[in-house]
Amino acid sequence: HYPLRRQRQMCIRDSKYSGSINFFNRQYLNGSNNITTLNENKNTSTTLKWTHKQDLRNNQSLNANVTFSTNGNYNKNYGITENERMDQKAISNISYSKRWPKAKNSFNLNFYSNKDLLINDKVNRDSRFYVIPKKAGNQLYIENRTFPKFSFRHGQSDLFPTSASKKNWYNNINWNYGLSFNNQDKDYYESYKSDSTQFDWNTKDKLNKQDNILLHTSRINAPQKLFKYITVNPSINLKSAWVNKIKEGKWIDSTKTFDEIDQNGLALRTTGSFSLNSNTQIYGIIPVPFGPLSAIRHVISPSIGYSWTPDFSQPFFGRNLNYFSREVDSEGENYYFDKFKGSLAGSTPKSERKSMNFGVNNVFQAKVKKDTSEMKVDLFNWKTNSSYNFAGDSLKLSNLRSSITVSYTHLTLPTKRIV
């Protein structure tokens with residue numbers, strides 16, 4: 001056996017960018033004692049790896065980690081290290097980003113690829129890497145690609161900005177927004193029933209499926225001051241998902257289940273939640289003239305909040321959202337099928353949540369004289385909180401949680417020795 005390796009490497013480093021290019025050509029010559037005929041039976045593997053990291057002008061950056069490989073046979077059979085033998089995927093990532101700090105905007109663009117170099121062995125019954133399908137319809141992925149994948153985000157901004165020193169209540173309303181698109185492209189083999197007891201992979205037909213989603217997210221806050229001392233902050237979160245395919249549920253009465261049927265075409269789903277939080281602070285000082293200690297400061301911060309997430313399987317303000325298929329059996333029991341389950345949008349929230357959380361945070365500080373000045377030193381922090389779920393069937397009140405954090409390392413009090 002004559003393993004041969006050729007490697008070329010080029011590295012570039014600069015204050016603004018760095019990167020490297022690695023080229024590997026591996027050959028394993030085998031099967032003859034005559035050196036003149038070694039080329040007639042050989043295994044060859046070629047790998048090209050490129051890494052690049054660069055900070056561009058105007059708050060831009062480019063990063064790349066790209067791998068191209070002809071196959072994984074050389075690493076699998078002749079890799080010297082364990083990492084080389086386990087390296088059976090060609091994974092590539094390329095990303096570009098741009099920021100606009102003054103406008104609070106940012107943009108990201110990504111490419112991703114993951115190729116299985118062992119796919120031919122996984123579908124070959126004579127290989128020790130053969131993957132046994134459990135049933136018809138199992139999928140074995142050849143390559144996963146994600147492109148284009150981009151996102152845009154606008155950071156928190158005032159909805160009604162003003163330069164006036166005295167703001168009206170609506171000037172405190174702020175918002176943020178995010179937009180993202182993700183397109184997933186997958187090549188795969190699918191299993192079929194080869195006889196009455198066995199399943200096998202259909203390698204004659206390489207299948208492909210594409211899933212994509214356009215996602216909008218937004219949050220609106222309106223923090224306000226009541227009676228100068230109480231802060232109240234109502235908030236609304238919205239998420240709108242646009243996908244290229246969903247599933248319809250065909251009801252089977254005999255088994256009381258749904259049969260899944262793919263349905264191509266644009267489908268929209270909007271979900272959201274609402275919350276209202278309030279807090280204030282109460283201050284108290286206890287004079288304690290003892291050595292450098294002049295007083296104990298106590299800050300009480302009570303808070304209370306309410307949050308609500310609707311049950312999107314039910315009509316919303318009298319309107320059927322059509323996110324679920326609903327069937328009723330002969331006994332009057334309801335069955336629901338989520339049309340977006342398994343899509344890039346994820347499952348639709350089905351359980352209504354109404355909860356109130358409340359707590360008190362106590363901070364104890366010491367006022368300590370140091371030379372001619374006075375400083376505050378944290379002694380300990382005592383937190384207590386709990387919640388109540390209005391929509392729960394049982395155990396609506398959660399456990400009361402309490403924690404104490406002690407910190408007084410900067411406080412040194414005088415001591416007196418008694419003999």
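How much space lies in the largest pocket? In this predicted model, the largest pocket holds about 370 Å³ of space.

## The largest pocket

The lining of the largest pocket is made up of 19 residues, and those that lie nearest its centre are Lys209, Asp211, Lys245, Lys247 and Asp262. By residue class, the lining divides into 8 charged, 7 polar and 4 nonpolar residues.

At least two lining residues are supplied by each of strand 8 (174–193), strand 9 (199–221) and strand 11 (230–252), and strand 11 provides the largest share, with 5 residues.

## The largest nonpolar core

In soluble globular proteins, nonpolar side chains tend to be buried together. Here the largest nonpolar core comprises 11 residues, namely Ile213, Ala241, Val243, Ile246, Ala267, Phe312, Leu321, Tyr323, Phe324, Phe340 and Ala345. The largest share of this core, 3 residues, comes from strand 11, the strand that also gives the largest share of the pocket lining.

Tyr323, a member of the core, touches Phe312 and Phe340 as well as Leu268, Arg269, Thr270, Phe337, Asp338, Lys339 and Thr348, when residues up to four places away in sequence are not counted.

## The hairpin of strands 15 and 16

Strand 15 (residues 324–328) and strand 16 (residues 334–338) run antiparallel and are joined by 5 bridges; within this pairing, Ser325 has Phe337 of strand 16 as its bridge partner. The two strands form a hairpin with 5 residues between them, and Gly332, which lies in the turn, has a positive phi of about 85°. Phe337 is also among the residues that Tyr323 touches.

Conventions
Residues are numbered from 1 along each chain as its sequence is written. This is a predicted model: local features need pLDDT of at least 70, side-chain atom pairs count only at pLDDT 80 or more; totals for chains, interfaces and linings use all residues. Side-chain values use heavy atoms; hydrogens and water are left out. On a 1 Å grid over the protein atoms alone, a cavity is a set of points where a 1.4 Å probe fits but cannot get out, and a pocket is an open set with protein on both sides within 12 Å along at least five of seven lines; lining residues have an atom within 4 Å of a point. Grid points are joined across faces, edges and corners, and a volume is the space filled by probe spheres set on the points. Helices (H or I, at least four residues) and strands (E, at least two) are DSSP runs, numbered from the N terminus. Ala, Val, Leu, Ile, Met, Phe, Trp, Tyr, Cys and Pro count as nonpolar, Asp, Glu, Lys and Arg as charged, and the others, Gly among them, as polar. Two strands pair if DSSP finds at least two bridges between them. A nonpolar core is a set of buried Ala, Val, Leu, Ile, Met, Phe, Trp, Tyr and Cys residues joined through side-chain atoms within 4.5 Å. Buried means under 20% relative accessible area, exposed over 50%, partly exposed in between (1.4 Å probe, protein chains only). Contact means heavy atoms within 4.5 Å.
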